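Please take a moment to look at the sequence and the model before reading on. The paragraphs below lead through the structure step by step.

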Amino acid sequence: LACKIAGISPISSRKIVPPVQTSNLPGLVLIAPVNAPCSYPNNSLSSSSAGTAAQLNSYLFGAITTISSTDLILVLVLAIVILVIALGLAPQLFAVCQDEEHARVSGVPVRLYSILIAVLAAVTVTFAMRTVGLLLVSALMVVPVATAQQLTRSFKTTVALAMAIGTVAAVTGVTTSYFVDTQPGPTIVVLALGVFLLVTPIGTMLRSRRNRRAAAHPEKEVTA
């Protein structure tokens with residue numbers, strides 16, 4: 001009744017404002033249908049997220065495929081520097097690691113060698129992150145030494161055996177990860193842990209044998 005009095009048809013009132021498809025007027029907001037395709041850069045956002053996740057995964061668990069020839073050269077130089085320092089300063093490093101107070105009384109610059117060890121460890125961790133990852137690099141640095149200590153008693157023998165165990169575990173882990181299609185970092189650490197578990201009973205037997213020999217003949221104790 002109100003529409004008739006106003007002279008407006010109910011049907012025509014629904015078509016007073018037709019849907020606008022395009023407009024060149026500035027500030028005019030167009031409402032697109034619900035099923036219209038969205039023009040937001042979803043592909044770029046998803047690719048960026050995937051790249052960030054892959055980079056984070058490589059730093060946490062290692063990605064040997066990302067190592068370049070420059071990284072290999074730097075690792076080789078670092079290995080040579082560590083070997084020269086470890087072999088050339090073996091007595092001083094042993095004194096600092098064994099007893100700092102005795103080394104300080106003996107005139108060894110304990111602070112200097114402590115800083116040197118910390119710097120070499122930090123640089124080694126930085127380069128090893130690319131191979132085994134940040135979460136596993138500490139295990140790779142500790143497990144070979146712990147394995148060598150199960151079999152040896154002298155400082156030089158422990159260092160040499162630890163380097164040999166670490167090298168064998170790294171080469172075997174990389175080869176195994178290639179054929180089994182696994183990440184090299186966890187594979188290397190698992191192999192190193194396996195060697196430690198295998199050697200631990202042997203080390204226990206050797207220590208027991210040394211203790212019995214020392215108890216029976218204290219004057220003939222042999223240092224291995």
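How many aromatic pairs does the count come to? Rings of Phe, Tyr and Trp (its six-membered ring) are said to pair if their centres lie within 6.5 Å, and planes under 30 degrees apart count as stacked, over 60 as edge-to-face and the rest as tilted. By this rule there are two aromatic pairs. In the pair of Tyr178 and Phe179, the ring centres are 5.2 Å apart and the planes stand at 85°, so the pair is edge-to-face. Tyr178 and Phe179 are exposed, where exposed means over 50% relative accessible area, buried under 20%, and partly exposed in between (1.4 Å probe, protein chains only).

Some words on the source are needed here. This is a predicted model, in which local features need pLDDT of at least 70 and side-chain atom pairs count only at pLDDT 80 or more, while totals for chains, interfaces and linings use all residues. Residues are numbered from 1 along each chain as its sequence is written, and side-chain values use heavy atoms, with hydrogens and water left out.

The chain as a whole may now be described. Its secondary structure consists of ten helices and zero strands; helices (H or I, at least four residues) and strands (E, at least two) are DSSP runs, numbered from the N terminus. Of its 224 residues, 18% count as buried. The accessible surface comes to about 16,200 Å², and 69% of this surface belongs to carbon and sulfur atoms; such areas come from the Shrake-Rupley method with a 1.4 Å probe, and for residues only the protein chains shown count as cover. Contact means heavy atoms within 4.5 Å. Among contacts between residues at least 6 apart in sequence, 59% join residues at least 24 apart.

The next topic is the space between the atoms. Rolling a probe the size of a water molecule over the atoms shows where empty space is left. On a 1 Å grid over the protein atoms alone, a cavity is a set of points where a 1.4 Å probe fits but cannot get out, whereas a pocket is an open set with protein on both sides within 12 Å along at least five of seven lines; lining residues have an atom within 4 Å of a point. Grid points are joined across faces, edges and corners, and a volume is the space filled by probe spheres set on the points. The largest pocket holds about 2,000 Å³ of space. It is lined by 47 residues, of which Ile82, Thr124, Leu140, Met141 and Met163 are the closest to its centre. At least two lining residues each come from helix 4 (69–88), helix 5 (90–98), helix 7 (110–128), helix 8 (137–149) and helix 9 (155–180). Helix 9 gives the largest share, ten residues. By kind, the lining divides into 35 nonpolar, nine polar and three charged residues; Ala, Val, Leu, Ile, Met, Phe, Trp, Tyr, Cys and Pro count as nonpolar, Asp, Glu, Lys and Arg as charged, and the others, Gly among them, as polar.

Thr124 belongs to helix 7 and, at 23% relative accessibility, counts as partly exposed. Leaving aside neighbours within four places in sequence, Thr124 is in contact with Leu78 and Ile82. Thr124 and Ile82 are 42 residues apart in sequence, and their C-alpha atoms are 9.3 Å apart in space. A further example is Pro91 in helix 5, which is exposed at 55% relative accessibility. Between Pro91 and Phe155 there are 64 residues in sequence and 9.2 Å in space, C-alpha to C-alpha.

What lies in the loop between helix 9 and helix 10 (184–216)? Asp181 is found there, with a positive phi of about 65° although it is not a glycine. Asp181 is exposed, with a relative accessible area of 70%. Gln183 lies in this loop as well and is partly exposed at 31%. The C-alpha atoms of Gln183 and Val132 are 8.5 Å apart, while the two residues are 51 apart in sequence. In helix 10 one finds Thr187, which counts as buried at 13% relative accessibility. Not counting residues up to four places away in sequence, Thr187 touches Gly173, Thr176, Ser177 and Thr182.
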